[in-house]
Amino acid sequence: MTLTPVTTGPAVADDPRRYERLSTIRLEDPEAVARAAKSRRRHPGLKAGRQNFIVAADHPARGALAVGNDPVAMADRRQLLDRLQIALANPAVDGILASPDIMDDLLLLGALEGKLVFGSMNRGGLAGLVNELDDRFTGHTAAALEALGADGGKMLTRICLGDPDTVATLEATAKAIDSLAERKLIAMVEPFLSVRENGRVRNDLSTNAVIKSIGIAAGLGSTSAYTWMKLPVVSEMERVMAATTMPTVLLGGDPDGSQDEVFATWEAALSLPGVQGLTVGRTLLYPADGDVAGAVATAASLLHHTTELPE
């Protein structure tokens, strides 16, 4: 299946001083972040029948800078902010999932007006760290997200049956779910069954493994009233989605196939009951052809909207 980009947009800028004012504000007026969050216009609200499109940008905080064959693709913060602003400028993009540093930059840039905002909560399981599965909560807290006027928080929940650190991550995740629920904020849980191979952590993307991870993650916390799932697109997605009644967003990851192949798998999964939309980062922010606006527009065209948002 070949999907033609719907539109194209501006190229990534190259002025090395284009974000110098962010450094100045951070130096002279750090309270500007809180003011920007307080004055920000909120998203009009989540609706059944209207899938949401959220751009993910929390990878650098875990030391995960690679995209494809480039090990440091996400290292240049100026380019990342350029790409995020191009994506967020598309009205079909509903929001952002980001670590605190990137979130603060986007607030100062005024790029989150009318958007959903999700904070990234646990980034302590650094990519390649010797105890990577001890994934401590080093990012946003529920209290901080409430103060920011955010809609929720996301937590990576890797479950390795052969690693004793898993139980600590599960306990911390359960506490975070409860803390978010107390504030009526969404807990976006991203579960994986993971294994160690040659000293590296690998997520098992088999259908049965994803289904098992859902069962474990869905039972965390004292309530699931505010819990969402964030799941990879794998084979037999019908079976995967039959494993949960929770609103589910699809993640993109760092795909092995062509962009057309990835879009085709998303399109099929987005048609399933319970799928609330996409939460995608690297695939769209760093497309092979460099056309961020075109990749975002094509992904947006896959979403299902039977309910319109209010004016």
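Visitor: At roughly what angle do the axes of helix H9 (residues 259-270) and H11 cross?
Guide: This is a predicted model, in which local features need pLDDT of at least 70 and side-chain atom pairs count only at pLDDT 80 or more, while totals for chains, interfaces and linings use all residues. Residues are numbered from 1 along each chain as its sequence is written, and side-chain values use heavy atoms, leaving out hydrogens and water. The axes of H9 and H11 (lines fitted to C-alpha atoms over the stretch in contact, angles running from 0 to 180 degrees between N-to-C directions) come within 10 Å, and they cross at roughly 25 degrees.

Visitor: Which residues of H11 make the contact with H9?
Guide: The crossing at roughly 25 degrees makes H9 roughly parallel to H11 (under 35 degrees; over 145 is roughly antiparallel, 65 to 115 roughly perpendicular, the rest oblique). From H9, the contact (heavy atoms within 4.5 Å) draws on Gln259, Phe263 and Trp266, and from H11 on Ala295, Thr298 and Ala299.

Visitor: How do H3 and H4 lie to each other, and how many residues of their contact are charged?
Guide: The axes of H3 (residues 77-88) and H4 (residues 100-108) come within 11 Å and cross at roughly 60 degrees, which makes H3 oblique to H4. Arg77, Leu80, Leu81, Leu84 and Leu88 in H3 meet Asp101, Ile102, Asp105 and Leu106 in H4. Of the residues in this contact, six are nonpolar, no residue is polar, and the number that are charged (Asp, Glu, Lys or Arg) is three.

Visitor: Which elements do the buried residues of H3 pack against?
Guide: H3 has twelve residues and reaches 16 Å from its first C-alpha to its last, close to the 16 Å expected at 1.5 Å a residue. Buried residues (under 20% relative accessible area; exposed is over 50%, partly exposed in between) in H3 are Leu80, Leu81, Asp82, Arg83, Leu84, Ile86, Ala87 and Leu88. Their packing partners are helix H1 (20-28), strand E1 (52-57), strand E2 (95-98), H4, helix H10 (282-285) and helix H11 (292-300).

Visitor: What is the relative accessible area of Asn198?
Guide: Asn198 sits in the loop between strand E5 (186-197) and strand E6 (200-204), and its phi is positive, about 55 degrees, although it is not a glycine. Asn198 is exposed, with a relative accessible area of 83%.

Visitor: What is the relative accessibility of Glu236?
Guide: Glu236, a residue other than glycine, has a positive phi near 55 degrees, and its place is in the loop between strand E7 (227-232) and helix H8 (237-241). Glu236 counts as partly exposed, at a relative accessibility of 42%.

Conventions. Helices (H or I, at least four residues) and strands (E, at least two) are DSSP runs, numbered from the N terminus. Buried means under 20% relative accessible area, exposed over 50%, partly exposed in between (1.4 Å probe, protein chains only). The expected span of a helix is 1.5 Å times one less than its number of residues.
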